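Q: Could we go through this model together, strand pairing to begin with and then the packing?
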Amino acid sequence: MDAQQPRIALLIDADNAPAAKIDLVLTEVARYGVANVRRAYGNWKSPHLRGWEAVLHEYAIRPIQQFAYSSGKNASDMAMVIDAMDLLYARNLDGFAIVSSDADFTPLVMRLLTDGVRVYGFGEQKTPAPFVNACSKFIYVEALGATQAGDAGGPSATRKDEKALRGDTRLVQLLRGAVDAESEDDGWAHLGAVGKQIANQASLDPRNYGYRKLSDLVRAIGLFEIRQDEKTLWVRVKQKRAPAKKPQA
């Protein structure tokens, strides 16, 4: 069964990734395929990486030792990039999962994408936008598991309200553009098609905004009408109401 699933290389920048979230990252990666390559890069002599030691063996992650040859330079990043290119040229993978909050990996992501493989990014909310936007899909590690707690009645640490969502220009443009592209003559668009259109353009995961599904996010932003036809959800941009005519004197 595993041989029929997409093969994914999980590459972890241990210097810029939280060890406490690795179980949730692996669960997420399993949604897209099998992580048959699992490597974590860092100077394992550094006390900064002590938190990773307990999880490496538990989750079958291979530690790649990289000494810091000079101060101010991250040799681990270079080693990770070289390994990624070697894996790419081997032509036996369908995707890469990169765990880091470092924007220096943005050129790597763009290079991997040109070969037709998908790149799943995982990082903390401090991750710079260029890296987030370059990935096929990027998920903030703080959002992993947070929406489930919110759905169960607990607090959701990352949930944004309507005002915050509308203030996100990129999000509004992505949603409106996708709805316009997929809409029929009456303005209604199949929500599933809208999601695929967005995925072809940029990384957008509703959980980064605190919502479990795209439909929940679309409802929360308040810019769209939603109707359900049996099991199909349709969406269209809210129509502007014509101003009421003033009564003639």
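Q: Which residue in strand 5 does F96 stand opposite?
A: F96 stands opposite V119 in strand 5. This is a predicted model, in which local features need pLDDT of at least 70 and side-chain atom pairs count only at pLDDT 80 or more, while totals for chains, interfaces and linings use all residues. Residues are numbered from 1 along each chain as its sequence is written, and side-chain values use heavy atoms, with hydrogens and water left out.

Q: How many bridges join strand 4 to strand 5?
A: Five bridges join them, and the two strands run parallel; strands count as paired if DSSP finds at least two bridges between them, and strands (E, at least two residues) and helices (H or I, at least four) are DSSP runs numbered from the N terminus.

Q: And what does the chain cross through from strand 4 to strand 5?
A: The chain passes through helix 4 (residues 106–114), in a β-α-β crossover that is right-handed, meaning that with the strands pointing away from the viewer the path from the first strand over the helix to the second runs clockwise.

Q: What about the pairing of strand 5 with strand 6, parallel or antiparallel?
A: Those strands run parallel and are joined by four bridges, with F122 opposite I139 in strand 6. Strand 5, helix 5 (residues 129–134) and strand 6 also make a right-handed β-α-β unit.

Q: Why is strand 5 largely enclosed?
A: Five of its six residues are buried, so strand 5 is largely enclosed by the rest of the structure; buried means under 20% relative accessible area, exposed over 50%, and partly exposed in between, with a 1.4 Å probe and protein chains only.

Q: Switching to helix 4, which residues are buried there?
A: T106, L108, V109 and L112 are buried, and seen down the helix axis they fall within an arc of 160° (taken from the directions from the axis to the C-beta atoms), so they line one face of helix 4. On the other side of helix 4, P107 and T114 are exposed.

Q: Which residues touch the most other members of the largest nonpolar core?
A: Of its 27 residues, F96, I98 and L112 do, where a nonpolar core is a set of buried Ala, Val, Leu, Ile, Met, Phe, Trp, Tyr and Cys residues joined through side-chain atoms within 4.5 Å. Helix 3 gives the most to this core, with six residues.
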